[in-house]
Amino acid sequence: MPLPAHFQQAASLVTEDMVAEGIACGPDPERHIKAITEYLEAGFDEVYVNQIGPDQEGFFDFQARELLPRLG
């Protein structure tokens, strides 16, 4: 998009619920495992996860406790 205003206009059509449906977010480890597994089964050898929010320590704890042991 050539101008920031165009991006803003396009983004106004997307709701938080629409974003939440399209990406794994929230505290449900099953949802994250499913999403990551789909990428691994598709042949990806690296999957990056990201925390967008202030609780970075909680994010890393969640990853270490709930996801990494199961993705092993």
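**Briefing: helices, salt bridges and a nonpolar patch**

Asp-45 sits in the loop between helix 3 and helix 4; helices (H or I, at least four residues) are DSSP runs, numbered from the N terminus. The structure is a predicted model, in which local features need pLDDT of at least 70 and side-chain atom pairs count only at pLDDT 80 or more, while totals for chains, interfaces and linings use all residues. Residues are numbered from 1 along each chain as its sequence is written, and side-chain values use heavy atoms, with hydrogens and water left out.

- Asp-45 counts as exposed, because its relative accessibility is 70%. The classes are buried (under 20% relative accessible area), exposed (over 50%) and partly exposed (in between), with a 1.4 Å probe and protein chains only.
- Asp-45 and Glu-30 are 15 residues apart along the chain, and their C-alpha atoms are separated by 20 Å.

**Helix 3**

- Helix 3 covers residues 29-41, and its 13 residues should span 18 Å at 1.5 Å a residue. The expected span is 1.5 Å times one less than the number of residues. The end C-alpha atoms are 18 Å apart, which agrees with that value.
- Pro-29, His-32, Ile-33 and Ile-36 are the buried residues of helix 3.
- Seen down the helix axis, these buried residues fall within an arc of 100 degrees, so they line one face of helix 3. The arc is taken from the directions from the helix axis to the C-beta atoms.
- Lys-34 and Glu-41 are exposed on the other side of helix 3.
- Helix 4 is included in what covers the buried residues of helix 3.

**Helix 4 and Gln-63**

- Gln-63 belongs to helix 4, which runs over residues 56-71.
- Gln-63 counts as buried because its relative accessibility is 10%.
- With neighbours within four places in sequence left aside, Gln-63 is in contact (heavy atoms within 4.5 Å) with Val-49, Leu-68 and Pro-69.

**Salt bridges**

- The whole structure holds 3 salt bridges. A salt bridge is a side-chain nitrogen of Lys or Arg within 4 Å of a carboxyl oxygen of Asp or Glu.
- Arg-70 and Glu-30 form a salt bridge through their side chains, at 2.8 Å from N to O. This pair links distant parts of the chain, as Arg-70 is in helix 4 and Glu-30 is in helix 3, 40 residues apart.
- Arg-70 is partly exposed, with a relative accessible area of 44%, and Glu-30 is partly exposed at 44%.
- Lys-34 and Glu-38 form a salt bridge at 2.8 Å, N to O. The two are 4 residues apart in helix 3, so about one helical turn separates them.
- Lys-34 counts as exposed at 54% relative accessibility, whereas Glu-38 counts as partly exposed at 44%.
- The side chains of Glu-66 and Arg-65 meet in a salt bridge at 3.4 Å, N to O. Glu-66 is partly exposed at 25%, while Arg-65 is exposed at 53%.

**Nonpolar surface patch**

- Leu-13, Val-14, Met-18, Val-19 and Ile-23 form a nonpolar patch on the surface, with about 470 Å² of accessible area together.
- Patches are made of residues with over 30% relative accessible area and no salt bridge; like charges are joined within 9 Å, and nonpolar side chains (Val, Leu, Ile, Met, Phe, Trp, Tyr) within 5 Å. Accessible areas come from the Shrake-Rupley method with a 1.4 Å probe, and for residues only the protein chains shown count as cover.
- Val-14 lies in the loop between helix 1 (4-11) and helix 2 (16-22), and is partly exposed at 43%.
- Ile-23 is in the loop between helix 2 and helix 3, and is partly exposed at 45%.
- Ile-23 and Ala-35 are 12 residues apart in sequence and 7.9 Å apart in space, C-alpha to C-alpha.
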